[in-house]
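Morning, everyone. Please look at the screen while I talk. I will take the chain piece by piece.

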Amino acid sequence: MQRIQEAANHGYTSVVTGTVKIEKYDNLYRKFNAMYDVDMQKSKRSRQKAQGVSLAKFLAHPEEGDMVRWVLMCTSGTGTFFEEEKRAIIPAKKIELFGQYRLTRETTKRHGKAVWTFYLTTEYKNTVKKLVHSYVHHKNDAGLRKIIHETNQLIPFSGVRQDLYEIHKHIRHEWHRYRGKADMPELPFIRYHRRLATSPVHADNVIRRMQRTGETALEAARNIAQNRKVKPKPA
């Protein structure tokens with residue numbers, strides 16, 4: 001997600017996205033690299049950009065069920081991308097990931113200029129608020145603590161942080177409305193997002209780890225990124 005945000009902030013705002021089984025991912029990557037040179041060196045990218053040629057990046061992330069969510073992002077300019085992908089292109093502002101996050105461009109006080117960040121989708125926020133109402137109204141404190149914990153695990157991009165403040169405000173409102181002065185479950189501190197290293201995890205490494213350990217694609221990618229040792233595959 002961070003790499004998508006960074007790409008959008010560098011002008012990669014025309015997008016094609018989809019999913020593919022992880023064993024077919026490498027062929028898809030090779031196809032896009034042959035068509036759009038997605039692995040172009042940084043120095044060459046600078047020259048191409050100065051000449052008005054569109055540039056492309058190919059990003060991907062494993063999802064549950066051994067599927068990969070891929071995102072092909074392109075800058076404005078000349079080239080074959082807009083002709084080849086014209087039926088599938090969407091603007092970056094329509095990117096939604098994992099049913100929870102949407103990419104949005106906004107002007108912030110912190111940056112003083114328009115930047116791209118992730119917010120929660122309207123559907124996800126509404127679902128959380130409905131659950132909060134139900135849990136508080138029916139005195140299901142365990143359910144309320146669970147939703148507080150789950151929302152605290154969301155990646156706290158600046159836009160997501162604003163949405164979390166809104167959710168916390170809603171929890172307090174619902175609690176005081178239905179439960180009055182009873183002790184409310186503690187609301188955690190809303191963390192700041194730390195920029196992480198963006199070294200990619202290659203698909204062939206993920207597949208080899210899956211074969212050795214029996215992990216899903218998502219588990220294997222996470223463990224490779226965190227340099228976790230391979231555990232024996234369950235018998």
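Where does Lys139 lie? Lys139 sits in the loop between α5 and α6. A quick word on the source. This is a predicted model, where local features need pLDDT of at least 70, side-chain atom pairs count only at pLDDT 80 or more, and totals for chains, interfaces and linings use all residues. Residues are numbered from 1 along each chain as its sequence is written, and side-chain values use heavy atoms, with hydrogens and water left out.

Phi of Lys139 is near 55 degrees, a positive value in a residue other than glycine. Remember the background: most residues other than glycine have a negative phi. Is Lys139 buried or exposed? Lys139 is exposed, because its relative accessible area is 60%. The cut-offs are these: buried means under 20% relative accessible area, exposed over 50%, and partly exposed in between, with a 1.4 Å probe and protein chains only.

His138 is found in the loop between α5 and α6 too. His138 has 58% relative accessibility, so His138 counts as exposed. Now look across to Arg102. It is 36 residues from His138 along the chain, and their C-alpha atoms are separated by 31 Å.

Helices (H or I, at least four residues) and strands (E, at least two) are DSSP runs, numbered from the N terminus. Two packed helices are described by the angle between their axes and the distance between the axes. Here α5 covers residues 122–137 and α6 covers residues 141–152. They pack at an angle of about 155 degrees, with their axes 9 Å apart. That makes α5 roughly antiparallel to α6. Axes are lines fitted to C-alpha atoms, for helices over the stretch in contact, and angles run from 0 to 180 degrees between N-to-C directions. Under 35 degrees counts as roughly parallel, over 145 as roughly antiparallel, 65 to 115 as roughly perpendicular, and the rest as oblique.

Which residues make the contact? From α5 come Tyr124, Val128, Leu131, Val132, Tyr135 and Val136. From α6 come Gly143, Leu144, Ile147 and Thr151. Contact means heavy atoms within 4.5 Å. Eight of these residues are nonpolar, two are polar and none is charged. Ala, Val, Leu, Ile, Met, Phe, Trp, Tyr, Cys and Pro count as nonpolar, Asp, Glu, Lys and Arg as charged, and the others, Gly among them, as polar.

Stay with Val136 for a moment. Val136 and His176 are 40 residues apart in sequence, yet 9.5 Å apart in space, C-alpha to C-alpha. His176 belongs to helix α7, residues 158–178. With a relative accessible area of 55%, His176 is exposed.

Now the start of the chain. Helix α1 spans residues 2–9, and its buried residues are Gln2, Ile4, Gln5, Ala7 and Ala8. What do they pack against? The buried residues of α1 pack against strands β2, β3, β5, β6 and β7. Just after α1, Gly11 takes a positive phi of about 100 degrees.

One more backbone angle. Asp37 is in the loop between α2 and α3. Phi of Asp37 is near 55 degrees, a positive value in a residue other than glycine. Asp37 has 25% relative accessibility, so Asp37 counts as partly exposed.

Last, the whole chain. There are nine helices and seven strands. Buried residues make up 39% of the 235 residues.
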